[in-house]
Amino acid sequence: MSYVLTLVASNERNQITKSHIKEIGKIIDFYNLSFTAQPVWLAQSRAVDLGVSDKPQRALIAHLQEFLADYEIDLFSNAIERRRKKLLLADMDSTIVSSETLDELAEFAGIKDKVAEITERAMEGLLDFHAALRERVGLLKGLSADKLQETLDATEINMGARTLVSVMKNHGATCILVSGGFTYFTDAIANEIGFDQNFGNTLDIYNGTLTGKVIDPIQDKHSKLEHFNRFVAELGILPEDVITIGDGANDLPMLKAAGLGIGYHAKQTVKDEIYNLIQYGDLTAALYAQGYTAQQIGNI
């Protein structure tokens with residue numbers, strides 16, 4: 001099997017140069033790898049493919065990431081076979097959108113800091129997801145359901161999210177939004193961006209106010225993996241045909257299962273286990289990681 005390293009600069013100011021590539025050649029040589037072809041530019045000075053002689057191991061990836069950090073250049077390692085993915089599963093909060101929607105909803109109850117602290121620990125895998133979700137929602141008991149729309153109105157979609165979905169769908173991929181957040185938000189965000197389906201948790205609402213309860217079943221890391229396996233089976237594809245993107249501990253099972261699992265501005269618990277990371281750039285980096293060119297991306 002053939003492998004490729006893809007470098008993606010975070011912005012036009014941090015361009016990829018021949019000196020970067022030369023230094024990478026020296027680093028991979030130390031790990032007994034070599035380039036198998038001339039660099040292939042996916043976007044001039046912004047994204048480049050570097051074919052390598054074998055699958056890069058974790059120690060090499062860490063070494064390369066350390067070198068590229070000063071230049072804010074993201075790095076991806078991918079098999080060339082089945083590189084263009086047929087299924088995208090993406091987390092919503094802090095991935096497709098910039099915020100944690102539950103934290104923002106808590107702002108209206110005057111307890112954002114308290115809820116956000118619980119969220120942070122849960123996303124790092126330090127708390128049981130079910131218990132943390134029920135605790136946070138319980139703190140919102142009595143909040144007017146009108147605040148859901150106000151929270152949605154203030155929610156910002158991350159740069160590159162629309163492009164990621166539109167380019168992949170234009171090339172025949174199925175795009176699914178999977179979230180431990182709430183269907184009030186996933187329905188709207190999925191519809192706005194163009195996801196084919198979405199899954200999330202359901203808030204219990206009675207007489208226009210939140211009851212402080214979540215309606216079972218709860219969508220968690222196991223549910224995300226179940227959606228992964230179900231769509232792989234329904235589409236008749238392989239796990240290698242899937243790209244998954246997320247930022248927190250509840251995304252890890254689907255990130256590990258996919259042919260290309262990407263941590264997006266991820267929590268440390270994800271960085272410890274997933275080495276394909278968007279640390280500096282936007283979500284279009286996930287397209288370059290699949291071999292899409294600037295022309296293909298820009299034509300959407």
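Ile21 lies in helix H1, which spans residues 18-30; helices (H or I, at least four residues) and strands (E, at least two) are DSSP runs, numbered from the N terminus. The model is predicted, so local features need pLDDT of at least 70 and side-chain atom pairs count only at pLDDT 80 or more, while totals for chains, interfaces and linings use all residues. Residues are numbered from 1 along each chain as its sequence is written, and side-chain values use heavy atoms, with hydrogens and water left out.

Ile21 has a relative accessibility of 9% and therefore counts as buried. Buried means under 20% relative accessible area, exposed means over 50%, and partly exposed lies in between (1.4 Å probe, protein chains only). Leaving aside residues up to four places away in sequence, Ile21 touches Phe35, Pro39, Trp41, Val48 and Leu50, where contact means heavy atoms within 4.5 Å. Ile21 and Glu104 are 83 residues apart in sequence, and their C-alpha atoms are 42 Å apart in space.

In helix H8 (residues 183-193), the residues Phe185, Thr186, Ile189, Ala190 and Ile193 are buried. They lie on the same side of H8, because they cover an arc of only 120° around the axis; the arc is that of the directions from the helix axis to the C-beta atoms. The elements that cover the buried residues of H8 include helices H3 (101-107), H6 (146-154) and H7 (161-170), together with strands S6 (174-182) and S7 (197-206). After H8 comes Gly194, which has a positive phi, near 110°.

Aromatic pairs were also counted. Rings of Phe, Tyr and Trp (its six-membered ring) pair if their centres lie within 6.5 Å; planes under 30 degrees apart count as stacked, over 60 as edge-to-face and the rest as tilted. By this rule there are 4 aromatic pairs. One of them joins Phe30 and Tyr31, an edge-to-face pair with 5.4 Å from centre to centre and 80° between the planes. Tyr184 and Phe185 also form a pair, with ring centres 5.6 Å apart and planes at 75°, so this pair is edge-to-face. Phe30 is exposed, with a relative accessible area of 64%, and Tyr31 is partly exposed at 27%. Tyr184 is partly exposed at 32% relative accessibility, whereas Phe185 is buried at 1%.

Charged side chains also sit over rings, a term used if NZ of Lys or CZ of Arg is within 6 Å of the ring centre and within 35 degrees of the ring normal. The charged end of Arg84 is placed over the ring of Tyr292, 3.8 Å from its centre. For Arg230, the charged end sits over the ring of Phe231, 4.5 Å from its centre.
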